[in-house]
Structures are given as structure tokens and as C-alpha cells.
Amino acid sequence: MSINSRERKSKWQLSYFKLRTKFVLVFLLISLSSVTAVALTVNYTTSETLVKTAGIDLNNLSNSQGFAVGDLLAHQIDLLQSLTLNEILISKATLSNDFYPEKSEMIQTELAAKDVAWQNAVETDRTAQIILTNTSADELEGFRARFPNHQEIFITDKYGALLAATNMTTDYYQGDETWWQIAYNDGLGSTYIGQPAFDESRGVLGLAMAVPIYDADGESVIGILRSVYDLTTIGDVLHAATITEDELYLDMLLSDGRVLQTPQLLSSDLAAWEAIKTAVPLDKPIIDTLQTHTFARIVLDDVSNLASLSPITTIDQDPLITNLGWQVMAHQEQQSALALVTAQQRNILVLAGFILGISIIGALVAAQFLTKPILRLTAVAQQVREGNLDVQAPIESHDEIGDLAETFNSMTDRLRLVITQLKDHSDLLEQRVAQRTAEIERQQKMLDVILSTTPNYFFIFDQQCRYSYASPPALANMGVDLEQITGKTWQEIPLFELDEFQNELDLVFSTKDTVANEFSIKSGGDEQAVQHFDYALDPVYDKTGQVVSIVATIRDVSEKKAEQEAMWHTQKMESLGILAGGVAHDFNNLLVAMLSQTSLALLKMEPDAPARRHMEKVLQAAERAAALTKQMLDYSGRGTFDMQAIQLNQLIQDNVHLLTAVIPKHVHLQLNLDETLPLFLGDPGQIQQIVMNLILNAAEAIQSEIGQVTICTKTKEITEADELYWHLTNQPLLPGPYIMLCVKDNGSGMDSETVSKIFDPFFTTKFTGRGLGLAASLGIVRGHKGGLAVTSQPGVGTTFELLFPITATTTTDLIVQPEPELFRQLPKSAHTVLVIDDEKPVREAIVDILGMEGIKVLIAADGETAVALYRQNSHIIDLLILDLSMPGLSGQQTFQQLKQINPEAKIILSSGYSAGEISRQFADEAITDFLSKPYKMATLIRTVEQHLQP
């Protein structure tokens, strides 16, 4: 292509046209585009509006006619139901039902015979006349006269036999028809409306309707009323709504998708019925679309239609009508609905041509008028571009061009002012930067102050694992300042001794998840002192979700570790207590047998028997075993306590001579007792045992040196904050007043490890002894709901502080236990005792002892057997001895079931645990007595005979 040809082609580009020409072309293009857009928009909007309006009208029409048809059907049902209230019909059905034989097979035989006779009868036969001319038939005929759309009406009895009819029916027996069975509904009654069908006997297209006839009380179904309703009435309802509209149709859509057209409903002949039967159902997608939209465009008979579908129902949504599944479809040919759009399109084209011509003329005039001022303004703008800000554009008019020139002049003035202000703002910006820098430094110092208040250490590492921040406590621990650490890696300035720290930093950057771990270090050069730490590495993300830094938080958890170890120790002591209590309880059962059988053997031996001395030693050994078992129960806190009001000062003073005798001569015993000390509830023997154990241990701690043991008493108020006194007992103390017993010595003392073990069962620092003294003391304190604290230091001495609660029920008088009375000898075989215990040796021992006293004994090894045995023999059983710890049915459950059999039953409870614990378990029960295991033979006999007295 030559240069000249390129130049000629470029002259046809828009940029080479004059401003006037471009203005005209652009104006024409805008006008043409605007007119076209408006025309298309108006045409589309009008078309859519007409379509939407037509669709809404169709929907309103289908809705109204759906309700009209539904109300029409509901009204016909109401008419039939009102007819069933006719006394003549009710009387007819009642009399017919009463004449049937009792046997059902005879009824069926009779009905079958009558049905055969009916098939061969004509209206003039006597059989037909009985049905067609009775008073009930007259009532039916009268109803049909008032409501002629009911073409065929008849009634049956409750067995399906025809009783009365307006005309000759096909069958006499209707009980095998589906409509009859639905209406009868096994005697419950139900209204029936069938699908449209052609009634050949009447020659009409109709609906079968059936309603139950109830007796006079309205409770039992005694017959069925059936009618064939002429569908031309529904056709009239639908046709009446479309008379004034062209190309508008209302049809009825059946539940199977077939369409009943209004002309077919109106003709109601066999040809119409054949057309309905052979009609192709509407496609399900079309039905689904119409059911989910107000209206839709569909194709019917190859013609585009607007259509709307509404269910045939009633205002109250009567399920009888709604469940038929019939719908009214209103539809109109789309061409007819949019006839106005076609005429409108022609008018729009004419108007668009006229507007376009006016636009061309206006564009030429406007271009001439507007371009001259614009050209002058362009020249002034050229000078401003060259840097002349003092030039002014001429203002030749007061229109938009004049406003543009005035604005241009204001712009140049504003530009001069902005340049001046920019210089001023530059200086101000420098000042603000300096202020912002100072603010950041202040916030940095504030962050340091805040983080200084926490013992935790905080570090921030960048993506190269270099320090970018460290909190003041962390810097103080490392012995560096922030400037020294910033930009350095943790390997250059070590962070404790963390071998896996670098791998964990890399793991956070790669997984974007928090990593947590822990470590321990030795502190102060002492190998026994260990500090425990845990730390967490948390990622910090930018806006894109990438990890840009890591915050490391390190905290000292040494105290938490110590608390966990203390808790583990408490749990260990509790477990040992449970074990000791369980072992002692089981051992008590064996001791009952040993003590009882040994005592029986001694009673049956002659005084000079060679084996008597050995049996007495066996008895002594069993009693010592019982004492050891009692210590184990005391340790578990479940020992036998004889609770009395105790004056602790008096108890100590009464035992001073004994205490002085048992401690070495070089140990001085000093008393420091509070004279105003109140009473408290406790077991005197148990409290005395505690005092003896503590004083003997204190005296032995002094060893061979001259020393002193101090006993002091006082009162102390305990609050919830006083946690020191219940760490060893593992049962928090209730706030309130307590009595304190303090035993202090200046002996050798103990280290912390020894102190942590002194209450363990069988732990002892002596060459002899069982190691149960302090363990039993702890159990006694726990059983008294008290507290205990120990402080000791090697070379200084040890102090024991014990607390006992002061209760409101404590009186100033000591409780004096009465001596048991002696009871007379019971007559032989006068009474029967039921013994319930799962231990065979215990059962055998009690049988032998009570048998020796002439008391008849029944035995049971478990609760279930005991309940069954007592239910059979309660009239001869005078007393029961019940062990509380048994497998299966527990002692408490057995007690309750025995009381249900006989509320007056005398039941003695037996257990190795304390009477106080039994009283808590049976607080609301009438307990006859309690035998604490192990018991002696005399105790058993005395207790049993006491409660067998008349």
C-alpha cells in the first residue's frame, strides 16, 4: 500500500473530522441509539406488562373458579349429609339391619341370592317395586326433585343391601364396591367422592358421591347413601366465567393429568366421555411448572398459550375436596393476549422516524452555536498548558459555555492556590511524621510496661527466625537489651537450652499451626532445684494468609507442677485409705469367727484342760489382731467412733501422769492450755490415742539429748482461705470455730521428703513398730471432720497442729454411757433369729453361739435369699442380724425390702465400719441396734437377748 493511499484512508478516521462534524455525527448517533433503546424498552416493557397482567388475571380466574368448584362439591356433600339425618331413612336402615340372621355366612348367602334375583328383574317386578316405591324411595325422589343434578340416588343397609332407590340400579348388593367400602370404613364412616365417570344407566358424565348414615345417636354406621352428581353443573360454572372473554378457556385437570374441557363437561354424553378417556395427559414437567409459578407459557395443541393452574378446594381447605387432586386450568392463546403489542410496534416506528429527523436539524444548529466558544476556550487552555497561569478565558455568554469559561478561570486561580498550599502541607507533613514516630515509640514503651507486669516471656521472630522483639522480663532473664537482640537469630543469642526449637519454628511456618511444648532446667546450680517451663509458638498472618512472624510465649509452670504432685500424693493416700479400710473390713469378718469360736471352745473346755492355755493365747492373739484392724479402720477414717462431748484440757490433764511415765526422763513435758477452751464432739479413746501417738513420736525425735515437748490448746477461726489444714485430709474444712491441739518438740526434725511420707501406712523411721500410729491418727482426724498440718526442719524440731470442729449441738455436759443391763435367761427354743451375712465363718459362729443359748437360727448368704426366707417365715422370726456389706442386693437395700414386708421387724445391723457412718446412711430408718465387728461372744449374746425380751 502506497503512502498516499494510507493518507487518504486516515482522513476518514473520526479524529480528522472537524468539531462541528463530529458534534453532528455524535448527536445523531446518540439520538438514534436513544430512540432505538426507548422503542425497544417500551416494546419489551409493554409486552412483559401485558403478559404479566394476563397471567395474573388467569391466575385470579383459576383461583376463583377453583374455590367455586370446590365450594360447589362441598355443598353437594353437605346436602347429602343433611339427607342422611332423615328419620325415615334412619328407620328404614335400622329395621333392615335388625332382620338379618346372626351368622355372617347366612347373611352373605341371603344377599347373594337377592343379588341374582335383582339381575333378572325389571322395574315392574315386585322385587324392584319394593325398592323403588317405598317411603324412603319417595324421600330420595323428593330430594332429586329439589336438586335435579343428583341423577341417581339410593341407600343401602350396613351389609351393602339395596333398601331404596330413585331408579333401577345395576346391582342389588353394593358391599363389594370400592365406593361402598370406603364410605362404610369398617363401621367408622367416611365421605366418598369418586373420579369423573360415565354413568351408563343415566347416560350422563357424573361423580359418584357416598356418605354414611348414622343411627339416631350419631355413633354407629347403619347404612350408606349414594348419588351420581351430573358434571354439567361444574361445566356451567367454568363456562360462565369465560363468556365475556375471547380465546379464554377454563378446563378441569384431573389428578392423573387428563384435561376435562368445558365443552366436554357441558355435553356430558358418551362421545365426550370417550374423548376424555383417550385424552393424552399433560406432561408432568408442564404441570410442575404451572404448580410452582403464578402463570407460565405452555404449548397446547401446537399453539403457544399463557396458562395458570389452581387447585380445586374450599376456603377452609376441606381435605375431602383438596385430596381429590383436581385443578382448574385457565389458559389463553398468547397471540390474543398480546394483540395490543403488535399495534404499538407500528406506532413506535413512526414516532422514531419523526424524532430522528428533528434530531438532525437540531444537531446542525447546535453545532454552529456551540463550537465557536469552545474553540476560544481551547486556545486559552493551550496557554495554561504552557505554564501561563495568569491567562483568563473570555466569558461571552451566561449559558453552560459561559459557566465552563468561568469554571476554567476559577480552576487556574485554584491551581495557583494549590501550588502554594502544597508547599505549606509539605512542611506540615514532615512535622506529623515526626509526631507519629514519637507516638510509636511511646506505644512501644507502653507495651513494654504492660508485658513487664506478667511473669511470662514474650518473643517475636521474623521469617528468617531472627528476633524482632522481646519483652522486658525476657530481656532481663537473658541479660541483654532490645538493641543487642534485634536482628539476631536465637542460635546467636541462645534462648534457654532448646534443641528442637529451630525445627518447631520451621514447623509453624510450614503448617501455619500453633506448636506447644515444655522443657525443664536446673536452677541456681543446685541439682535438686528444677524449674519447669512450657511454651507456645503462635503464627501471625498477613492479609494474604501467609505467616510473616511468630510470637513465642514462655511461662514458668514450676508451681503448677508442684500442685499436681501434691494432688497425686493426696490421691495415693486416699487410695491407701480405701485399701486399708477394705482389708480391715474383710479381716473383721474373720475375727468375728475366730473370737466367737475360740470363746465357745474355752466355754466347753474343762478348767484344767491341757489345750486351754493354748486356746487362751489364740484368743489374745485374735484380740491383738482386732486392735490392729481397728488402727487400719482408723486410718481409713471409717473406724468405730463413740462420739461424746469432750473437754480437751481435762482429757490431757487426766493423762499427764501416764504421759510422764512413758516418755524418757530427759524429756520435759510442758502444758500451755487455754482455760476458756469449749467442748467439742469426739471419741475420747480416739483423741487420747492421738495425743499419746504425737507425744511418743515427739519424745523419740529428741533421742538422747535433753529436750522439751510442749502441748498447747486454743481456739482458731477457720475461713475458706485457710487451705493449709486440709491438704493432708483431702477434705476442705467448713468455715467456723475450731479447737486446736498443738504438739511441738525441739528434736532432730525432718526434711521435706520424710514429712511427705510420715502418714503413709507402714512407713517408720524406727527400728521397731508397725508404722500405723500417725496413719491411724490421720484417719481419726479425717473421721472427726478435722484438719491437720505439720511443719518441721532438720535440727530445729517438729510441730503438729490438729483442728477439731466446734458444733452447735455440743453441750456443756459430758455424755455418760450407761452400763448394759443383765437380762434373764430366755426359755429354750422360744425365739428364732435370721442371720444374713455373706461370710460363711461369721454365719457358723453366730449359729454356734446362739444355738448354745437355745435360740433357733435361720441363715441367708445374700440379700435376695434373706428377703425370700423372711417373706415365708416372718411370723416365726423375732429378730434379724443384717451385715451391711454384701454382693448383689446391698445391706441397705435388703433392710428396706425387709421393712416393706414387716415395718415392725427388729433388725440389728452389723458392720466393721463406725456407728456414726451407719447412722448417716440410715438417718430416717428405725434401726433396732448396731453390732460393730469384730464383737465378742458375750456382746453378741447380750445384744440379742436384750432385744428378744418380751
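Colleague: What makes strand 24 and strand 26 a pair in this predicted model?

Modeller: Two strands pair if there are at least two bridges between them. Strand 24 (residues 832-836) and strand 26 (residues 879-883) are joined by four bridges and run parallel, so by the two-bridge rule they count as a pair. One of the contacts to look for is V835, whose bridge partner in strand 26 is I881.

Colleague: Which sheet do these strands belong to, and what is its order?

Modeller: It is an open sheet of five strands, ordered 25-24-26-27-28, with parallel pairing. From one strand to the next, the twist averages 20°.

Colleague: Why are strand 25 and strand 28 said to stand at the edges?

Modeller: Strand 25 (856-860) and strand 28 (929-932) each have a single partner strand, so one side of each has no neighbour in the sheet.

Colleague: What packs on this sheet, and which strands are touched?

Modeller: Helix 26 does, touching strand 24, strand 25 and strand 26, and its direction makes about 170° with that of strand 25. Helix 27 (residues 863-873) also lies across strand 24, strand 25 and strand 26, running at about 140° to strand 25.

Colleague: How do you know that helix 26 meets helix 30, and at what angle do they cross?

Modeller: The axes of helix 26 (residues 840-852) and helix 30 (residues 937-948) come within 10 Å and cross at roughly 60°. The crossing is right-handed. On helix 26, the contact uses I846, I849, L850 and M852, while helix 30 brings M937, L940, I941 and V944.

Colleague: Which strands pair with strand 23, and in what sense?

Modeller: Strand 21 (residues 736-745) pairs with strand 23 in the antiparallel sense over eight bridges. Strand 22 (residues 787-793) is joined to strand 23 by seven bridges, again antiparallel. In strand 23, F804 is the bridge partner of I739, and F800 is that of V790. The hairpin of strand 22 and strand 23 has three residues between the strands, and G795 there takes a positive phi near 85°.

Colleague: Where is the antiparallel sheet of five strands open?

Modeller: The order is 8-7-11-10-9. Strand 8 (259-260) and strand 9 (296-300) stand at the edges with a single partner each, so one side of each is left without a neighbour in the sheet. Further in, strand 10 (residues 303-311) and strand 11 (residues 327-333) pair over seven antiparallel bridges. Helix 11 (residues 284-292) lies across strand 7 (248-253), strand 9, strand 10 and strand 11, at about 60° to strand 10.

Colleague: Which residues touch the most other members of the largest nonpolar core?

Modeller: Among its 51 residues, they are L73, L225, I234 and W326. Helix 2 (residues 19-83) gives this core its largest share, twelve residues. Setting aside neighbours within four places in sequence, L73 is in contact with L207, M209, I234, I321, L324 and W326. Another core, of 38 residues, lies apart and includes V667, L694, M750 and V755.

Notes: Residues are numbered from 1 along each chain as its sequence is written. This is a predicted model: local features need pLDDT of at least 70, side-chain atom pairs count only at pLDDT 80 or more; totals for chains, interfaces and linings use all residues. Side-chain values use heavy atoms; hydrogens and water are left out. Axes are lines fitted to C-alpha atoms, for helices over the stretch in contact, and angles run from 0 to 180 degrees between N-to-C directions. Helices (H or I, at least four residues) and strands (E, at least two) are DSSP runs, numbered from the N terminus. A crossing is left-handed if the near helix is turned anticlockwise from the far one by less than a right angle, and right-handed if clockwise. Contact means heavy atoms within 4.5 Å. A nonpolar core is a set of buried Ala, Val, Leu, Ile, Met, Phe, Trp, Tyr and Cys residues joined through side-chain atoms within 4.5 Å. Buried means under 20% relative accessible area, exposed over 50%, partly exposed in between (1.4 Å probe, protein chains only).
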